[in-house]
Amino acid sequence: MLTLEHVYAGYGEAIVIDDCSLTMDEGESIALLGRNGVGKSSLLLTVMGHTKVHRGSIRWCGQDLVKVPQHARARAGLGWVPQEREIFKSLTVEENLTVTALPGKWDLKSIYALFPRLQERRRNFGNQLSGGEQQMLAIGRALMLNPKLLLLDEPLEGLAPVIADELCVAIQRMIRNEGQSLILVEQHVEQALCLTHRAIVLERGRVVHNAQCPDLLGNLSVLEKWVGVRVAHP
Amino acid sequence: MSDTLARDSRHLTFLRARERWKPAEIAFWFALVGVYFVFPTNLIFVSQILITGLFALSLDMILGYAGIVTLGHAAFFGIGAYAAGLMAAHGWHEPLSGLLVAGLAAGIAGYLSSFLLSRGGGDLTRLMITLGIGLLLFEVANSATKYTGGVDGLQGVEVGKLFGVFGFDLYGKTAYAYVLGIAFLLFAFTRSMMHSPYGLALRSMRENQTRALAIGIPISACLTNIYTIAAVIAGIAGALLTQTTQFVGIDVLSFQRSADLLIILIIGGTATLYGGFVGAAVFMLAQDRLSNLNPQYWLFWLGIILIVMTLYLRGGMLGGLSRLADLYRHWRNKERP
């Protein structure tokens, strides 16, 4: 579904994504891991067209993506939840959700079933939400596009543990019950590995390790080497 | 965008609920009909308020909803005013077709200039570009005295009977009904547009352009559309002024008109649809009363009003009113056991 071949991309002349290749099939979920600054978010930005691609090809469902304008990528089935959440503050929760909804299995009803808090808050404005609620809304808004692939950039960052758990359950439901394809960038390595099927480790803008999540969880030396964290054995 | 949404009935129910006219809105328009009977001697003045309100509504579409700042919106008002004036002065006296041509002329100008605005750049760039276009057109009208009459204004504007039946009379009765009818039609059109998914898309664009792009809103196309539509409405407002006063002064293109319009919209409240009309009424009544009090210094009072309002009444008159209504509701709920 998504194929990157030897992609070099970055901001202006600076290269952040350096010879990156990966493929992803429909229904798959990938955890994108790596230390700070290795280009995890930039990889998502590259897929969404917010960086300058110098070389390489990005194919999406058989179509060359590099020249596709940013707004058309969303319409082509790429949903993106950026790290900053970026809720429309002066729109209500419901307006945020309906602003560019596309028909499909995700609609207001199924989003509210996934995030009941959003239904309670549906008349509230974007700036009247807690951080966790904003994150739920950001994910819900991206899902309303009924994307074939959802890109989640550190959704758990800065959330209270209870809320983070609630989000994890929702992400798990998206993957297990709805078969939602997604790429999850996350610093909470353990949680990310428990949620997704496969993990990709980035280092200096390139893929250095690619494994099934259970295998990686059993191979702590790789994690320590590339991600730099000690993971308690599950 | 709207056709994809229309397929999902759930979204439609939600949007229809928003679209229903509220009692206060219905009262607003009936009150304007009532003015015709209650204040028959002030119809000319109220017509002017309505025209300015309509003009401010067109600014609200681009500034309030889409977040495009401009200091040259009078350009489109002026183009409409001159288009209608030139037609009427050169033998085409039918008013409705005059409005159409004026709207079309302003729309073409809006469409062309929208490309200058969508070429990146921030608010400052847009302020300068719109200011530049406004000044440019003013000087064109100023120097083309042969066609526009320059600073003396365009003379000899003769407007025929409305529907071939109702002549424009000295008391402005026909003019008032005509202006009110056109203003209402354009308002209803704008209202339904702003309550559609397209309106939501504009508001998202105002909030955060990158994010709007990321969820599939074609920003440049939206900008071009809304700027063109706003220019058409501004042009029609200009034409209404020409037809009801049977004269075109060069001030229709002046910077002062663009600046006043901004003040009017901010006094009334942005992104509310009614802010323009409320602002126009407050501004023009204040101008009328304060200049009666002291003809030379009315701008002094306006300056004070403007500073106080922007500092303490965010969201303008309508924003203040809705906060008062909230407080009242809150208080009433508390009173209840």
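1. Two residues are taken to be in contact if their C-beta atoms, placed from the backbone, lie within 7 Å. On that criterion, 24 residues of chain A are in contact with 23 residues of chain B. This is a predicted model, and it scores ipTM 0.72 and pTM 0.82.

2. The most comes from α2(A), with 4 residues. By class, the residues of chain A that touch chain B are 11 nonpolar, 5 polar and 8 charged.

3. Confidence in chain B: the mean pLDDT is 87, and 93% of the residues of this chain reach 70 or more. Over residues 1-10 of chain B, however, the pLDDT is below 50. Beyond near neighbours in sequence, that stretch still has 20 contacts in the model. Where pLDDT is low, the predicted coordinates should not be read in detail.

4. The largest nonpolar core has 165 residues. Those that touch the most other members are Leu32(A) and Leu151(A), together with Ile226(B), Ile233(B), Ile236(B) and Ala237(B). Helix α12 (residues 219-245) of chain B supplies the largest share of this core, 16 residues. In soluble globular proteins, nonpolar side chains tend to be buried together.

5. Leaving aside neighbours within four places in sequence, Ile236(B) is in contact with Gly80(B), Leu99(B), Ala102(B), Gly103(B), Ile182(B) and Leu186(B). Of these partners, Ile182(B) and Leu186(B) are in α9(B), where they take part in the contact with α12(B).

6. How do α9(B) and α12(B) pack, and at what angle? Helix α9 (residues 173-194) of chain B meets α12(B) at about 175°, with the axes 11 Å apart. An angle over 145 degrees counts as roughly antiparallel, so α9(B) and α12(B) are roughly antiparallel to each other. The α9(B) side of the contact consists of Ala175(B), Val179(B), Ile182(B) and Leu186(B), and the α12(B) side of Ile233(B), Ile236(B), Leu240(B) and Thr244(B). This contact has 7 nonpolar residues, 1 polar residue and no charged ones.

7. From α14(B), the contact takes Gly275(B), Val278(B), Gly279(B) and Val282(B); from α16(B), Gly316(B), Met317(B) and Leu318(B). The contact of α14(B) with α16(B) divides into 4 nonpolar, 3 polar and no charged residues.

8. Helix α10 (residues 197-207) of chain B is mostly covered, with 9 of its 11 residues buried. The buried residues of α10(B) include the charged-class Arg203(B) and Arg206(B). Pro197(B), Gly199(B), Leu200(B), Ala201(B), Leu202(B), Ser204(B) and Met205(B) of α10(B) are buried as well.

9. Backbone geometry in chain A deserves a check at two residues. Most residues other than glycine have a negative phi, and most peptide bonds are trans. Cys61(A) has a positive phi, near 50°, and is placed in the loop between β4 (52-60) and β5 (63-64) of chain A. Cys61(A) counts as partly exposed because it has 14 C-beta neighbours inside 10 Å. Glu154(A) also has a positive phi, of about 45°. The loop that holds Glu154(A) runs between β7 (149-153) and α7 (161-176) of chain A. Glu154(A) has 20 C-beta neighbours inside 10 Å and therefore counts as buried, the cut-off for buried being 20 or more.

10. Glu154(A) is also one of the partners of Gln83(A), which touches Ser41(A), Asp153(A), Glu154(A) and Glu157(A), not counting residues up to four places away in sequence. Gln83(A) lies in the loop between β6 and α3 of chain A and is partly exposed, with 16 other C-beta atoms within 10 Å. The C-alpha atoms of Gln83(A) and Leu143(A), 60 residues apart along the chain, are separated by 16 Å.

11. Glu84(A) lies in the loop between β6 (78-81) and α3 of chain A. Glu84(A) counts as partly exposed because it has 13 C-beta neighbours inside 10 Å. Between the C-alpha atoms of Glu84(A) and Arg55(A), 29 residues apart along the chain, the separation is 28 Å.

Key
Residues numbered from 1 in each chain as written. Chains lettered and ligands numbered in written order. Predicted model: local features only at pLDDT ≥ 70, side-chain atom pairs only at ≥ 80, totals over all residues. Core = buried A, V, L, I, M, F, W, Y, C linked by C-beta atoms within 7 Å. Buried ≥ 20, exposed ≤ 12 C-beta atoms within 10 Å, placed from the backbone. pLDDT = per-residue confidence, 0-100. Axes fitted to C-alpha atoms, helices over the stretch in contact; angles between N-to-C directions. Parallel < 35°, antiparallel > 145°, perpendicular 65-115°, else oblique.
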